[in-house]
Amino acid sequence: ENEVEVELMRGSAYMALRNFSEAALSGARAIAAAPDNADLHLFYVRCLMALNRFKDALPSAKAAAQLSRRSSEAHFVLGACLKRCGQTDDSESPLLQALDLDPRNFKALNDLADVYIARGDAARAVDCLRQSHEISPYNLDAISGLCFYGVFDHRLSAEALFKINQGWSRQLNELARDHKFPPTPERRNEKIHVAYIANDFFDNVTSWFLEPVLANYDRSQFYVTCYSGGEKKDSVTRRLASLVDCWREIDEEDIAGTADQIRCDGVDILVLSSFFRGKDRRIMAYRSAPLQVGYLNRVSSTGLDTLDYIITESGSDPIGDVEATYSETLVRLSSYKPANVDAAPRNPPCLENGFITFGSFNNHAKINVTVIHVWAKILQALPDSRLLLRSSRYFENPITCAFFQERFAAVGVGAE
């Protein structure tokens, strides 16, 4: 018993110091001495989750749920580990059990929202996130998800979504208001210093749009920096880094530290390059640069007074129709340069097979009730036509397929 207590104290101290590896070693030793102690298993799971070792955490997560059947936290961590191991459908039951034991377990609601998003049910996910937000106002996962998935929910108007973003922006401005910046060094040269910041500078939509922008700067007039958060890096990351004067890796959760770095670097124009999630915009509340701009990979206004402009185009933001739901000034232009493609277009397949095939390869959670009704009218107007849906690997899941088949069947469109 004394050995267990010593290891737990040691592990807790390392957790406080964010030395999760040492904390996990203490947790493992404590479990070896007392394998039937649910609290020790929970401690060990939290250590491994902090290290993103979710597969390693599963045995102890299952043990904790088995040993402490009335513990909401034990069922929550089991569901959380299962979800992060890719066993999304299996995670639903323990998460629901966690909520049955403690309806105020907002973290379980956040993870349950991810389960429903994976199935394409944005409305049900938003219900979970709103409930989580009511229990724990502005907890990061809930408000971040609401700012993104709320756009997919046919029940939310643009005005309602704008209010959600405004509420989050007020919280961010309050958190940043008393921040004290370090002294700013003297300016090194007369070039305009432009910086881009994002957590997804890898092979995805943000980089596809940004690469031609970075490649075409006049380096005699501009000094260009990229601040790159997130752990994923690939060949596109390296290519983007080769196009700028300075590339800085940042901790995406050290918002104040990143703000200080930007101010010390003497950035004139800071461009937020990916902000579809609510948490991605936190850095802009600090006003690290005199001029702050949003460009790329976003779904709505941030609601921030500290974001001066959003670069957009008239197709998604028609002039005169949307200004009331933006706190930023909208600048409309088009800058996308598609990758060089040598292949010549082929004849459409309908010339050979005799019917038109429509396709959507977008995020399946965007296919809400309103979209399905519109698509159903099109398909019914062309009785021999077909619709092909793809969204990463989500449609490999029979539950996701059944969910959409039921929704289309409800408006008179059957499966193959």
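**Cavities, a pocket and helix contacts**

Analyst: The largest cavity has a volume of about 150 Å³. Keep in mind that this is a predicted model.

User: OK. How many cavities of 30 Å³ or more does a search of the whole structure find?
Analyst: The search finds 2 cavities of that size.

User: Back to the largest cavity. Which residues lie nearest its centre?
Analyst: Asn199, Glu252, Ile255, Asp280 and Ile283 lie nearest the centre. In total, 16 residues line the largest cavity.

User: Which elements give two or more residues to that lining?
Analyst: Those are β1 (192-198) and α13 (255-264).

User: And how does the lining of the largest cavity split by class?
Analyst: There are 7 charged, 6 nonpolar and 3 polar residues.

User: What about the second largest cavity, how much space lies in there?
Analyst: About 40 Å³.

User: Which residues line the second largest cavity?
Analyst: Gly120, Asp121, Ala122 and Ala123 do, along with Phe152, Asp153 and His154. Ile367, Asn368 and Arg407 line the second largest cavity too. By class, its lining has 4 nonpolar, 3 polar and 3 charged residues.

User: Switching to pockets. How much space lies in the second largest pocket?
Analyst: The second largest pocket holds about 1300 Å³ of space. Its lining has 48 residues. Asn297, Arg298, Val299, Ser316 and Lys366 lie nearest the centre of that pocket.

User: Which element gives the most to the lining of the second largest pocket?
Analyst: That is α10, with 5 residues. α10 spans 158-176. Elements that each supply at least two residues also include α11 (205-215) and β6 (309-312).

User: How do the classes come out for that pocket lining?
Analyst: The lining of the second largest pocket has 22 nonpolar residues, 17 polar and 9 charged.

User: Start with α2 and α3, then. At what angle do their axes cross?
Analyst: Roughly 155°, and the axes come within 9 Å. Here α2 covers residues 20-33, and α3 covers residues 38-50. The two helices are therefore roughly antiparallel to each other.

User: Is the crossing of α2 and α3 left-handed or right-handed?
Analyst: Left-handed.

User: Which residues meet there?
Analyst: From α2, they are Phe20, Ala23, Ala24, Gly27, Ala28, Ala30 and Ile31. From α3, they are Leu40, His41, Phe43, Tyr44, Cys47, Leu48 and Ala50. The residues of this α2 and α3 contact divide into 12 nonpolar and 2 polar, with no charged ones.

User: And α3 with α5, how do those axes cross?
Analyst: The axes of α3 and α5 cross at roughly 30° and come within 11 Å. That makes α3 roughly parallel to α5. The crossing of α3 and α5 is left-handed.

User: What's in that contact?
Analyst: Leu42, Val45, Arg46 and Met49 in α3 meet Glu73, Ala74, Val77, Ala80 and Cys81 in α5. By class, the contact of α3 with α5 has 7 nonpolar and 2 charged residues, and no polar ones.

User: One more pair. At what angle do the axes of α5 and α6 cross?
Analyst: At roughly 160°, coming within 8 Å. α5 is residues 72-84 and α6 is residues 88-101. That angle makes α5 roughly antiparallel to α6. The crossing of α5 and α6 is left-handed.

User: Who makes the contact?
Analyst: On the α5 side, Ser72, His75, Phe76, Leu78, Gly79, Ala80, Leu82 and Lys83. On the α6 side, Thr88, Asp90, Ser91, Pro94, Leu95, Gln97, Ala98 and Leu101.

User: How do the residues of the contact of α5 with α6 divide?
Analyst: Into 8 nonpolar, 6 polar and 2 charged.

How values were computed: Residues are numbered from 1 along each chain as its sequence is written. This is a predicted model: local features need pLDDT of at least 70, side-chain atom pairs count only at pLDDT 80 or more; totals for chains, interfaces and linings use all residues. Side-chain values use heavy atoms; hydrogens and water are left out. On a 1 Å grid over the protein atoms alone, a cavity is a set of points where a 1.4 Å probe fits but cannot get out, and a pocket is an open set with protein on both sides within 12 Å along at least five of seven lines; lining residues have an atom within 4 Å of a point. Grid points are joined across faces, edges and corners, and a volume is the space filled by probe spheres set on the points. Helices (H or I, at least four residues) and strands (E, at least two) are DSSP runs, numbered from the N terminus. Ala, Val, Leu, Ile, Met, Phe, Trp, Tyr, Cys and Pro count as nonpolar, Asp, Glu, Lys and Arg as charged, and the others, Gly among them, as polar. Axes are lines fitted to C-alpha atoms, for helices over the stretch in contact, and angles run from 0 to 180 degrees between N-to-C directions. Angles under 35 degrees count as roughly parallel, over 145 as roughly antiparallel, 65 to 115 as roughly perpendicular and the rest as oblique. A crossing is left-handed if the near helix is turned anticlockwise from the far one by less than a right angle, and right-handed if clockwise. Contact means heavy atoms within 4.5 Å.
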